[in-house]
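Please look through the sequence and the 3D structure shown here before reading the report that follows.

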Amino acid sequence: MTTTLIGNTPIRRCDFLSTLYCTNIFIKEEFHNLGMSAKDRPAFFMIQDAIERQRIQPGGTFVEASSGNTGLGITLIAKQLGYQAKIFVSKSCSQEKINTLLQAGAEIEICENSNGLHDFHSTQFHAQSYAATHPNAYFTNQYYNTQNIRAHYKTTGPEIWEQTAGKVTHFLSGVGTGGTISGVGRFLKEQRPDVCIWGVEPKGSILQHYLSHRRTPEKVVPFDAIEGIGRNFVPGSFDPQQVDHIFQVEQESTKAMARLYREKTGILSGFSSAALLASLACHREEMGFTPEHTVLLFFPDHGSRYVSKLYSDSADFQTATKTVIR
Ligand code: PMP
């Protein structure tokens with residue numbers, strides 16, 4: 001069963017960032033998972049839970065609203081276990097992710113936005129309606145399913161604690177559904193209450209405001225597009241108790257950092273991973289790292305999913321030509 005390929009991803013020290021910020025920076029590389037993203041973890045927990053509780057019968061269809069990564073995890077695991085997958089993605093989903101989902105055997109529908117269940121044009125609304133009107137279809141609903149947080153509490157958190165030998169002082173993660181930061185945050189705070197759990201979201205997203213005021217802002221504005229993170233509603237999978245602070249970043253600085261990181265390390269970071277890099281660059285003073293700190297950056301996926309969005313309009317990009325050498 002290929003679910004053994006989910007979790008136990010490596011962490012790697014990044015010398016470039018450690019030197020730049022005069023501290024110790026490690027990266028947890030989630031693209032080593034089966035579906036090449038962190039979202040395989042909640043996908044597996046949500047599917048296992050639905051099967052155990054007999055919410056779906058063999059051959060049924062798992063339905064999810066996803067920016068692409070959860071959808072791929074759901075599809076790969078569902079197919080392995082003899083189920084189907086129907087995935088609702090928003091029109092901002094990268095072409096690479098759509099192609100991968102189709103190749104994995106998902107049936108997909110593209111929706112206007114992912115603004116939550118109250119919006120009739122959203123991925124969430126369409127996914128819920130589909131599951132309600134089709135027999136033997138189950139909406140995993142990552143935005144509200146408690147298995148999302150649980151997956152990270154049970155697997156990601158303990159891995160980070162063990163891999164840093166309990167030395168982690170700061171954990172940084174993008175926030176989309178909130179599952180990662182809430183689950184990892186809860187686990188790490190139980191081990192070490194003074195650990196800093198910091199989220200990153202695009203400028204205009206509402207969770208920073210919600211965290212400080214415990215209510216949504218009166219005026220909700222469109223937020224910078226950074227795939228996988230940013231919300232204009234508060235998901236049930238976001239637990240503010242586990243989060244100390246949320247930093248906001250702009251799309252332009254995120255793209256710039258993705259390219260700088262590639263130049264310095266040769267590694268293509270994912271879009272939301274680059275948002276973490278932008279948060280370090282833009283909020284350096286506030287973060288106040290010292291050489292005694294151990295900072296863990298959570299990279300949920302890989303830049304190969306965003307070549308068209310992140311890397312292809314840079315001056316040094318060359319389209320590969322199919323010249324046959326003789
Ligand atoms: N980055 C990427 C690329 C993602 O796909 C997601 C999940 N939407 C996140 C970050 C945010 O993770 P979470 O949903 O656990 O907050």
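## A pair of strands and a crossover

Strand β4 (residues 84-90) runs parallel to strand β5 (residues 107-111), and the two are paired over five bridges; strands count as paired if DSSP finds at least two bridges between them. Within this pairing, F88 has E109 of β5 as its bridge partner.

Together with helix α4 (residues 95-104), strands β4 and β5 form a right-handed β-α-β unit. Right-handed means that, with the strands pointing away from the viewer, the path from the first strand over the helix to the second runs clockwise.

## Basis of the model

This is a predicted model, in which local features need pLDDT of at least 70 and side-chain atom pairs count only at pLDDT 80 or more, while totals for chains, interfaces and linings use all residues. Residues are numbered from 1 along each chain as its sequence is written.

## The whole protein

The protein has twelve helices and ten strands, which are DSSP runs (helices H or I, at least four residues; strands E, at least two) numbered from the N terminus. Along the principal axes, its C-alpha atoms fill a box of roughly 65 × 55 × 45 Å.

Of the 326 residues, 50% count as buried, that is, with 20 or more other C-beta atoms, placed from the backbone, within 10 Å of their own.

## Around the ligand

The ligand is surrounded by 18 residues, of which the closest are G176, T177, T180, G228 and S272; a residue is near if its C-beta atom, placed from the backbone, lies within 6 Å.

Terms used. Buried ≥ 20, exposed ≤ 12 C-beta atoms within 10 Å, placed from the backbone.
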